[in-house]
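Reader: I have a sequence and a model open. Please walk me through how to read the local features.

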Amino acid sequence: MRTSHRAALAAAVAFAGLSAAIVPTNSAADTAFTDQAVRAGLTAAQADGLRQRVDAYVDATGGRRIALNKIAVKGGTILVTVPGETYARELNGPLDRSVPANALAASCPYLYFCGWKGSNRSGDQWNISKCGVLQEIPDGWNSGGSWQNNQSRGTQAYMYNKNRDWIHTTPPAPYGPVNGDWGPVWYVQAC
């Protein structure tokens, strides 16, 4: 049960004059998520913020969470940045405290087209590789941003507007990262 649903349920219970003690404050899924986040070295506030952002992407894309901050979406993945940090990073294993969290942007895997919400590979990262399919960029990526074409040598990616009209072809891979503007882009075809 998401936070907003818990709040609505608590309000309904309070309105009915019932004890709020019967309203669950945390589901098993929320507890498991928080436990994983703490093991990854995140604070409780970071864990809560990350969970909310991951849930928002899952709701918007119909994807599913496959790691603490990674979501499988049609044809690719979204790697969500930890609140308070600049760059997306994998949180699957134990936290390596010898590398500062904001030291490096996550790399773009070979054979993928990667996009970042912010400039200079900052913010949430979207990786796609399926050829011949228009894939919608993540919700909320309305301006700024950056991307990298790290597909097989010579492969080009194609960008389309809201009406699915072609607006840009990337230079052949490997190319980037480059700062750009997601504003006019609604869809990307990796190849």
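Author: Arg121 counts as partly exposed, because its relative accessibility is 24%. The cut-offs are these: buried is under 20% relative accessible area, exposed is over 50%, and partly exposed lies in between (1.4 Å probe, protein chains only). The model is predicted: local features need pLDDT of at least 70, side-chain atom pairs count only at pLDDT 80 or more, and totals for chains, interfaces and linings use all residues. Residues are numbered from 1 along each chain as its sequence is written, and side-chain values use heavy atoms, with hydrogens and water left out.

Reader: Where does Arg121 lie?

Author: Arg121 lies in the loop between S4 and S5. Helices (H or I, at least four residues) and strands (E, at least two) are DSSP runs, numbered from the N terminus.

Reader: What is phi of Arg121 near?

Author: General idea before the case. Most residues other than glycine have a negative phi, and most peptide bonds are trans. Phi of Arg121 is near 60 degrees, a positive value in a residue other than glycine. Asn120 also has a positive phi, near 55 degrees. Asn120 lies in the loop between strand S4 (112-116) and strand S5 (125-128).

Reader: Which way is the peptide bond from Ala173 to Pro174, cis or trans?

Author: That bond is cis, with omega near -5 degrees. Pro174 sits in the loop between strand S9 (166-169) and strand S10 (175-179). Another cis bond runs from Gly176 to Pro177, with omega near 5 degrees. Pro177 lies in strand S10.

Reader: Now strands. In what order do the 4 strands of the open sheet stand?

Author: Strands of a sheet pair through backbone hydrogen bonds, either parallel or antiparallel. Here the order is S6-S11-S8-S9, and the pairing is antiparallel. S6 and S9 are at the edges with a single partner strand each, so one side of each has no neighbour in the sheet. Two strands count as paired if DSSP finds at least two bridges between them. S6 and strand S11 (residues 187-189) pair over 2 bridges. Glu136 stands opposite Tyr187 in S11.

Reader: How many bridges join S1 to S2?

Author: Strand S1 (residues 64-67) and strand S2 (residues 70-73) are joined by 3 bridges and run antiparallel. A hairpin of 2 residues links S1 to S2. Ala67 stands opposite Lys70 in S2.

Reader: Next, the core. Which residues touch the most other members of the largest nonpolar core?

Author: In soluble globular proteins, nonpolar side chains tend to be buried together. A nonpolar core is a set of buried Ala, Val, Leu, Ile, Met, Phe, Trp, Tyr and Cys residues joined through side-chain atoms within 4.5 Å. The largest one has 29 residues, and Leu50, Leu68, Ile71, Phe113, Trp126, Trp182 and Val188 touch the most other members. Helix H2 (28-39), H3, S2 and S5 each supply at least two residues of this core. H3 gives the largest share, 5 residues.

Reader: How many aromatic pairs does a search of the whole structure find?

Author: The search finds 5. Rings of Phe, Tyr and Trp (its six-membered ring) pair if their centres lie within 6.5 Å; planes under 30 degrees apart are stacked, over 60 edge-to-face, and the rest tilted. The ring centres of Trp126 and Trp141 are 6.4 Å apart with planes at 85 degrees, so this pair is edge-to-face. Trp126 is in strand S5 and Trp141 in the loop between S6 and strand S7 (146-150), 15 residues apart.

Reader: Is Trp141 buried or exposed?

Author: Trp141 is buried, because its relative accessible area is 2%. Trp141 also pairs with Trp182, and that pair is tilted: 5.7 Å centre to centre, 50 degrees between the planes. Trp182 lies in the loop between S10 and S11, so the pair ties together parts 41 residues apart in sequence. Trp182 counts as buried at 2% relative accessibility, and Trp126 counts as buried at 2% as well.

Reader: Which residues form one aromatic cluster?

Author: Phe113, Trp147 and Tyr175 form one.
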